[in-house]
Amino acid sequence: MGTIRFREVGKTYPGKEPVVALDRVNLEIGEGEFVALLGPSGCGKSTLLNLVAGFEDMTSGTLSFNGGAVSSPGPERAVVFQEAALLPWLTVAQNIAFGPSVQRKARAEYEPKIRELLRLVGLERFADALPSQLSGGMRQRVGIARALVMDPKALLMDEPFGALDAQTRMSMHQLLLDVWQSLGTTVLFVTHDIDEAILLADRICIMSARPGRITHEIAVELRRPRSVDQLTDPAFIRHKAEIMAEMRAAQKEHA
Amino acid sequence: MNDAPARTMAAAPRPAPAKVMGRSAGFAAGRSRAALRAVLLPIVIIAAWQLAGRNGSLAGGVLPTPDRVWDAWVMWAFGPKGMGLNPYSGTWLDNVLFSAGRVAQGFLLAMVAGIPAGIMIGWSRAVSGAVDPTIQLLRPIPITAWLPFSIAVFGIQDMGAVFLIALGGFYPIVVNATHGARDVDRNWIRAARMMGASRFDVLRRVVLPAALPAIFTGLRIGLGIAWTAVIVSEMVAVKSGLGYVLWDAYYVGRMDVVIADMLSIGAMGLLSDRLIVTVEHWVLRWRRLQTATR
Ligand SMILES: Nc1ncnc2c1ncn2[C@@H]1O[C@H](COP(=O)(O)OP(=O)(O)OP(=O)(O)O)[C@@H](O)[C@H]1O
Ligand SMILES: [Mg+2]
């Protein structure tokens with residue numbers, strides 16, 4: 001239902017000096033799996049996610065979603081953007097309703113769902129507020145609700161909590177864990193925060209830059225259901241040490 | 001290429017945060033003080049003008065003093081119609097309505113053509129490539145240069161004036177709408193597409209609202225040009241309206257009517273601009289909140 005498969009995928013941005021953003025990427029993400037993409041700035045994480053989202057076309061290789069080719073963006077692959085990217089002239093409720101409404105769904109069908117999602121992300125009192133009246137964390141929660149209202153088969157998240165302070169991040173992590181554990185949607189989560197990747201993901205793909213490639217995959221052995229308390233778990237510390245060594249080695253290779 | 005007017009104007013109409021937040025007694029006092037400060041300069045000018053005159057005129061009898069202008073305006077506005085001695089008597093409202101009607105028609109045409117055209121040019125590279133060069137080529141031709149063309153095609157009729165107004169208003173509207181549509185945040189469009197919006201949905205529900213602030217800037221500039229166009233064409237090509245009276249009164253040496261006419265044009269321009277600003281404030285409510293919270 002929500003499987004993603006990259007086969008020898010390459011992406012070069014054209015221009016005077018073409019940028020090879022991705023080079024022969026192979027990746028398989030199973031139904032309901034939570035995969036984190038971890039890597040330094042500019043290694044092609046966003047590019048990879050944008051290919052799945054259908055925002056960009058690849059240059060070579062094949063990419064399939066649920067066995068079919070990806071040709072354009074669609075509600076079965078919901079994206080949560082770094083800066084939320086809410087429409088500033090619409091209220092919180094209208095932003096969440098945008099998807100169902102352009103899909104010509106009946107209002108009676110999606111209105112109760114929006115109320116339920118507002119409660120889930122703790123924003124019932126802000127249904128009629130404008131995005132500019134919300135904090136960064138609240139805006140991001142609207143972004144998540146806007147994605148979930150479409151019942152997506154996969155959630156694509158590009159550093160969704162990158163701009164938030166530590167405390168807000170932690171509550172967002174808990175929220176995402178709770179949501180994912182109850183819905184079981186496939187998640188592709190881009191980050192350059194090691195802790196975040198370990199805490200959330202089943203599997204971590206480490207990328208290196210120039211050319212952008214997946215160099216290592218690590219299966220996270222932390223018990224589910226997870227919570228932010230596991231940040232001090234011995235297994236967590238072990239994973240962190242492993243990943244840091246991996247990334248340091250990758251960096252030396254390039255220096 | 002033409003961003004300069006769009007950018008500088010776009011920044012101007014944002015209200016100060018204080019306006020949105022507090023409505024205290026101090027605020028009201030500050031407001032009346034501001035009103036007082038605004039009328040001070042006109043009072044000084046009118047007083048100096050009155051005092052400089054002798055026997056109701058100045059500059060060697062060419063310019064009438066304010067009291068004469070006032071008298072002429074009262075006669076023009078409220079005098080009985082059809083008096084042989086004063087052909088202007090009682091015709092003010094008619095002429096104002098003639099001019100305003102032409103501006104309304106021409107400006108409506110400019111909006112109906114300019115907003116969709118600008119959005120399409122800003123949105124689609126193909127449309128931009130096909131249409132924009134022609135617009136940029138025609139745009140430097142001043143509307144006054146179109147007068148002979150307009151008279152030749154439409155004759156001494158309303159249509160000629162409406163054509164000039166529509167043309168003059170079209171350019172700033174189309175240019176600003178183009179900029180508005182071109183500068184839309186890429187992630188807004190991506191988000192909409194991801195949520196299942198068709199290309200038309202994106203145009204109507206993302207690009208158009210995102211371009212509205214720029215469009216309103218264009219409307220305000222366009223309206224100013226529309227008033228210029230109506231006066232010019234009435235002076236030359238139509239036999240009614242404020243522009244016609246202006247030139248006619250000059251011809252028969254009625255400078256008091258000329259000045260009353262000029263002030264009437266100014267008042268109408270101001271009034272119609274306020275009208276757009278009011279609509280703008282209402283349509284762009286979300287933006288006011290945004291500036292207030294930042
Ligand atoms: N539209 C584009 N045109 C040209 N080059 C691009 C474009 N988008 C990205 N790139 C280049 O491709 C490479 C990968 O970019 P990408 O945004 O995927 O990196 P990233 O891993 O997401 O980085 P960050 O962590 O900073 O977000 C970079 O070198 C970048 O400069
Ligand atoms: Mg990125």
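Q: How do you know that strand 1 and strand 4 of chain A pair?
A: Two strands pair if DSSP finds at least two bridges between them, and in this predicted model five bridges join strand 1 (residues 4–13) of chain A to strand 4 (residues 60–65) of chain A, so the two count as paired. They run antiparallel, and Phe6(A) stands opposite Leu63(A) in strand 4 of chain A. Strands here are DSSP runs of E with at least two residues, while helices are runs of H or I with at least four, and both are numbered from the N terminus.

Q: What makes strand 2 and strand 5 of chain A edge strands?
A: The open sheet of four strands has the order 2-1-4-5 in chain A, with antiparallel pairing. Strand 2 (19–29) and strand 5 (68–69) of chain A each pair on one side only, and they are the edge strands.

Q: What is meant by saying that helix 1 of chain A packs on the sheet, touching which strands?
A: Contact means heavy atoms within 4.5 Å, and helix 1 (residues 45–53) of chain A touches strand 1, strand 2 and strand 4 of chain A. Its direction makes about 115 degrees with that of strand 1 of chain A, where axes are lines fitted to C-alpha atoms, for helices over the stretch in contact, and angles run from 0 to 180 degrees between N-to-C directions.

Q: How are the residue numbers and chain letters assigned, and which parts of the model are counted?
A: Residues are numbered from 1 along each chain as its sequence is written, while chains are lettered from A and ligands numbered from 1 in the order in which they are written. Because the model is predicted, local features need pLDDT of at least 70 and side-chain atom pairs count only at pLDDT 80 or more, whereas totals for chains, interfaces and linings use all residues, and side-chain values use heavy atoms, with hydrogens and water left out.

Q: Why is Ser99(B) called buried?
A: Buried means under 20% relative accessible area, exposed means over 50%, and partly exposed lies in between (1.4 Å probe, protein chains only). Ser99(B) has a relative accessible area of 0%, and therefore counts as buried. This residue is found in helix 5 (residues 92–123) of chain B, and, leaving aside neighbours within four places in sequence, Ser99(B) is in contact with residues including Trp227(B) and Glu234(B).

Q: What makes strand 3 of chain A mostly covered?
A: Five of the five residues of strand 3 (residues 34–38) of chain A are buried. Phe34(A), Ala36(A) and Leu38(A) lie on one side and Val35(A) and Leu37(A) on the other, so that both faces are covered.
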